[in-house]
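This report describes some features of one protein chain. Please look at the sequence and the structure before reading on.

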Amino acid sequence: MKKDLFSESERLADITKYLRRTFELWGYREIFLPTIEEFSEQLRKGTKFAYNNEFYVIKPDLTSQILANLKEPRRLKLYYISEVLNGGIKGKWQAGVEFIGGEDIKMQVEVLLTVITSLEALGIEDFYIDVGSLKVWENAIKGIEEFKAEIFRALTRRNFEIIERLPINEEKKEELWQLFNFRGKSCGYEKLNKIIEAVDDERVFIDFGTIRPLPYYSDVIFEVYSPKIGKPLGGGGEYTFKGVSAFGFAFDLNALSKLFDGKIEKSRKRIRGEIKEVYKLAKELVKLGIPVEVEE
């Protein structure tokens, strides 16, 4: 059965209204990216097609698209709301931020707090964030690098049996098992400890079983979950662009839509009266940032 496009659009509009407000309060500026890009190995996802003997990509991954268009690294705080395709014609709506060229630790803390305050602005309180590290795993597999693909596949699938079947010694398997199942508030990696301490939220944990092995991630990664639905609300991570550190994330708007009840804004001022006077008042209220509804 075909979805009700207008109802779905209205719901997403409500969600993105709160996300835009929160992103901008944190100092991010919206970026509008083209729907179609010339094909480049830098671009991830998207749907490829040929036109006039040239290859193009429709709606690629936003982080890779931003980096493909950024000629020189500089300090940028951007956010986007866009659909992303992944080889087909049906896309996923995403909203996310990219903090490029910020100071280490502070940048990660700010982005995680942006995630938390965005969810709270939507009235979503029942969630948790698991923060992991690619560098911790890269250190753990030194000496067995030939099995890196299988180990990361085990992490992605949360299936330790894949590692169990590998021809590596039991001591190393035990070390990987401990990492695979580690979840807590502090660990042996000081960078993560500093981030968790600064964020200071009971819903944020260090979880080395969390992994996002995308080609541009360099170390700290995270995913956001809710016990109410069976898929992540979003996630992100740290990457480097031409020697400059960056950190970003994206929400899955369809996942947020399942948790958003649409009953947040109770302060909308309802006004009525003679048309000229009522709209004069409405204009002044809007200028003050007060949401209004002119009643018939």
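In which loop is lysine 45 found? Lysine 45 is found in the loop between S2 and S3; helices (H or I, at least four residues) and strands (E, at least two) are DSSP runs, numbered from the N terminus. The model is a predicted one, in which local features need pLDDT of at least 70, side-chain atom pairs count only at pLDDT 80 or more, and totals for chains, interfaces and linings use all residues. Residues are numbered from 1 along each chain as its sequence is written, and side-chain values use heavy atoms, with hydrogens and water left out.

**Two positive phi values**

Most residues other than glycine have a negative phi. Lysine 45 has a positive phi, near 55°. Asparagine 52 also has a positive phi, near 50°, and its place is in the loop between S3 and S4. Accessibility is sorted by relative accessible area: buried means under 20%, exposed over 50%, and partly exposed in between (1.4 Å probe, protein chains only). Lysine 45 counts as partly exposed because its relative accessibility is 34%. Asparagine 52, at 58%, counts as exposed.

**The sheet around these loops**

Three strands form an open sheet in the order S2-S4-S3, and the pairing is antiparallel. Two strands pair if DSSP finds at least two bridges between them. Strand S2 (36-38) and strand S3 (47-51) are the edge strands, each pairing on one side only. From one strand to the next, the twist averages 35°; axes are lines fitted to C-alpha atoms, for helices over the stretch in contact, and angles run from 0 to 180 degrees between N-to-C directions. S2 and strand S4 (residues 54-58) are joined over three bridges in the antiparallel sense. Isoleucine 36 stands opposite isoleucine 58 in S4.

**Aromatic rings**

Rings of Phe, Tyr and Trp (its six-membered ring) pair if their centres lie within 6.5 Å; planes under 30 degrees apart count as stacked, over 60 as edge-to-face and the rest as tilted. By this rule there are 12 aromatic pairs. The table gives two of them.

| Pair | Type | Centre to centre | Angle between planes |
|---|---|---|---|
| Phenylalanine 160 and phenylalanine 180 | edge-to-face | 5.2 Å | 70° |
| Phenylalanine 182 and phenylalanine 208 | tilted | 5.3 Å | 35° |

Phenylalanine 160 is in the loop between helix H5 (148-157) and helix H6 (161-164), while phenylalanine 180 is in helix H7 (residues 170-180), 20 residues apart. Phenylalanine 160 is buried, with a relative accessible area of 8%. Phenylalanine 180 is buried too, with a relative accessible area of 8%.

Phenylalanine 182 is partly exposed at 26%, and phenylalanine 208 is buried at 4%.

One aromatic cluster is formed by Phe23, Tyr79, Phe222, Phe247, Phe249 and Phe251.

**The nonpolar core**

A nonpolar core is a set of buried Ala, Val, Leu, Ile, Met, Phe, Trp, Tyr and Cys residues joined through side-chain atoms within 4.5 Å. The largest one has 81 residues, of which Ile129, Trp137, Ile151, Leu176 and Leu256 touch the most other members. Helix H3 (residues 106-121) gives the largest share of this core, seven residues. Why does this core lie between domain 1 and domain 2? Domain 1 (1-126 + 227-264) and domain 2 (128-206) both give residues to it, so the core lies between them. These domain bounds come from an automatic or database domain assignment.
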